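I opened this notebook to keep track of what I looked up. The entries follow the order in which I checked things.

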Amino acid sequence: MNGDAGFNLAWMAWTQPVAIFFAAIVVMLVVFGVLQFVIPTYERRGFLPVPTTRGDRLFMSLLGSAFIHLIWLAFSDASLLIASAISVAYAAVMMRWG
Amino acid sequence: MDKREYQWAWLMVLPVVLIVAFSAIMPLMTVVNYSVQDIFGPDSRFFVGTEWFKEVLRDPALHGALVRQIIFSAAVLFIQIPLGIGLALCMPKKGIGVSFALVLLALPLLVPWNVVGTIWQVFARPDVGLAGVTLNSLGLDYNYTGDSLDAWFTVLVMDVWHWTSLVILLCYAGLQAIPDAFYQAARIDGASRWAVFRYIELPKLKGVLLIAILLRFIFSFRIYAEPFVLTGGGPGNATTFLSQSLTTMAVGQFDLGPAAAFSLVYFLIILLFSYVFYLTILNMDREG
């Protein structure tokens, strides 16, 4: 991760979990980007009070998941994996019925 | 434009994406890395997982700063948006008065933020400041350095002085863009001044109000220099907002890990509020 003298990324203090996290975000964006060309999204209204596209629902899922984790960390000492499981369920509901 | 051609147009934003990647995304990634480590130096860092997030999210001092920040931003929006709309409606529509009013309104926006704090620090001093001495001579026991309520009042008035101009200028631009035909039709129908505002001007202002509310919310939520110079966050912690707590943590105590975790929480809160505002006003606009 440190790179050579010409392109040194040591200042970013990379850690493996953070690298995996950002790689997952990039993969998600690429998949949704490609999906946009294959099956273009359209605005539709689900249980949310506003019409949303697939990208809107992805953004809401990611933002909501971040807050689920933060709330979990603020109030619970139990495993963070439970918050992750709740987030996955939340994201699935949001993407399907949001 | 053909739908497929329209999709390829997104490639045109690639240069901007690259610039943002280097100026914003890479620093953000660095902050995320810092937030999960205890960092003493470039070669001396230890992975601590979510420890800093727990510490920050359970810190009562930061809860207090967050509550004060939300109250401050709510007060700013509650005062500045109606005041900005009202003053924009009162502005001259044509003639020499337009240029005069525009220059006058732009002046507070040109003053650097720390200078605004210094101006108000002197202006509001209870011993020599014009505002402070005047208020005390009227029989009010005003002292922003010793009384929390006075400090809040001064910070709010300072922010209103500094930033209401932005709302006025945006609303004025929105009002000027309304075609005269709408007003003529209203006159023919015998519409009252209130009806013209409610059914013509306000709906037409929604676009600029979206921008005004978003900008004022974001600016007020990350306010730092003005209250720091004016009150230093005091008396006590009465006017210590989130950005000042963050700066104390990062620069004062050099706690880079907790400060990074705090920054991310702060960023996510701003992102959430801004997105909710954006969706709400966009939806209002659609429903007409």
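In which helix of chain B is the place of I213(B)? I found I213(B) in helix α11 of chain B, residues 206–221. Helices here are DSSP runs of H or I with at least four residues, strands are runs of E with at least two, and both are numbered from the N terminus.

Before going further I noted the ground rules. The model is predicted, with local features needing pLDDT of at least 70 and side-chain atom pairs counting only at pLDDT 80 or more, while totals for chains, interfaces and linings use all residues. Residues are numbered from 1 along each chain as its sequence is written, and chains are lettered from A and ligands numbered from 1 in the order in which they are written.

**Entry: I213(B)**

I asked why I213(B) counts as buried. I213(B) counts as buried because it has 20 C-beta neighbours inside 10 Å. The cut-offs are 20 or more other C-beta atoms within 10 Å for buried, 12 or fewer for exposed, and partly exposed in between, with C-beta atoms placed from the backbone.

I then listed its contacts, leaving aside neighbours within four places in sequence: L77(B), I81(B), F277(B) and I281(B). A contact means that the C-beta atoms of two residues, placed from the backbone, lie within 7 Å. For I213(B) and I81(B), the C-alpha atoms are separated by 7.3 Å, and the two residues are 132 apart along the chain.

**Entry: chain B as a whole**

I counted 14 helices and two strands in chain B. Of its 288 residues, 27% count as buried. Among contacts between residues at least 6 apart in sequence, 71% join residues at least 24 apart. The C-alpha atoms of chain B fill a box of roughly 75 × 70 × 30 Å along the principal axes.

**Entry: helix α8 of chain B**

I looked up helix α8 of chain B, residues 148–176, which has 29 residues. From first C-alpha to last it reaches 41 Å, close to the 42 Å expected at 1.5 Å a residue. The expected span is 1.5 Å times one less than the number of residues. I also noted a bend of about 40 degrees in α8(B) at W163(B), taken as the angle between axes fitted to the seven residues ending there and the seven starting there.

**Entry: where the chains touch**

I found 20 residues of chain A and 26 residues of chain B in the contact. On the side of chain A that touches chain B, α1 (16–38) and α2 (54–75) of chain A are the elements giving two or more residues. The largest share, six residues, comes from α2(A).
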